[in-house]
Structures are given as C-alpha cells and as structure tokens.
Amino acid sequence: MDRVRDPERARRLARVLFSDIAAYAGEQIRIGLEKDDLFDRLRDEIERARVWYFTHVDPDLAERERIFNWALVDVLVGSQKRVTSGIW
C-alpha cells in the first residue's frame, strides 16, 4: 500500500481512526471528559492509532502531525459537548 500523500486523505484517515475509537470507547470518553483524564484513560488506543497513522501517512506531508492532533480533539473531544466537563 502506498503511503498517503494527500492532506484530505490523511484527514479522513485520522478521523476514521478516532471514530473507531469513539465507537468502542464511548463510555470511557464520557468518563474521561468528566474526570479530566481522557488522554490518560485512552492512552493505549490513541498510541495504536498514532502508530498506524504515521506508518501509513507519508512523512513528507508537512501537516501530518497537525492533521492527526486536530482529528483527535475534534472527534474524541469536540463531538462530546453534551458531557458535563470543566473544559467547556
């Protein structure tokens, strides 16, 4: 498989990875936001997604890390605004 070089494809890939995490860890996301330990709570899942993403996205894609981090926050955090949390 060729590495992803297109920023839009990289964005979709990152969002899919975090959507999968959200589907399987929904309750843990809610608890993590309420207790303000989301990134510690999902450390293993996020790290697996990070390894997979960076293995499949071309290192020459300048914004690949920013795309990954944006998707992480947008999908895992931003989509959970109904949860009571001190961060909003």
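**Core packing and helix contacts in the predicted model**

Leaving out residues up to four places away in sequence, L13 touches V4, W52, Y53, H56 and V57, where contact denotes heavy atoms within 4.5 Å. The structure is a predicted model, in which local features need pLDDT of at least 70 and side-chain atom pairs count only at pLDDT 80 or more, whereas totals for chains, interfaces and linings use all residues. Residues are numbered from 1 along each chain as its sequence is written, and side-chain values use heavy atoms, with hydrogens and water left out. L13 is found in helix α1, helices being DSSP runs of H or I with at least four residues, numbered from the N terminus. With a relative accessibility of 16%, L13 counts as buried, a class defined by under 20% relative accessible area with a 1.4 Å probe and protein chains only. The C-alpha atoms of L13 and W52 are separated by 9.9 Å, although the two residues lie 39 residues apart along the chain.

Apart from neighbours within four places in sequence, L76 is in contact with F18, I21, A22, I29, L33, L38, L42, I46 and A71.

The structure holds 4 aromatic pairs, a pair being rings of Phe, Tyr or Trp (its six-membered ring) with centres within 6.5 Å, and planes under 30 degrees apart counting as stacked, over 60 as edge-to-face and the rest as tilted. The ring centres of Y53 and F54 are 5.1 Å apart and the planes stand at 85 degrees, so this pair is edge-to-face. Y53 counts as buried at 0% relative accessibility, and F54 likewise counts as buried, at 18%. Ring pairs link F18, Y53, F54 and F68 into a cluster.

The axes of α4 and α5 come within 11 Å and cross at roughly 145 degrees, the axes being lines fitted to C-alpha atoms over the stretch in contact and the angles running from 0 to 180 degrees between N-to-C directions. The contact is made by I46, A49, R50, Y53 and F54 of α4 and by R64, E65, I67, F68, N69, L72 and L76 of α5.

How values were computed
Buried means under 20% relative accessible area, exposed over 50%, partly exposed in between (1.4 Å probe, protein chains only). Helices (H or I, at least four residues) and strands (E, at least two) are DSSP runs, numbered from the N terminus.
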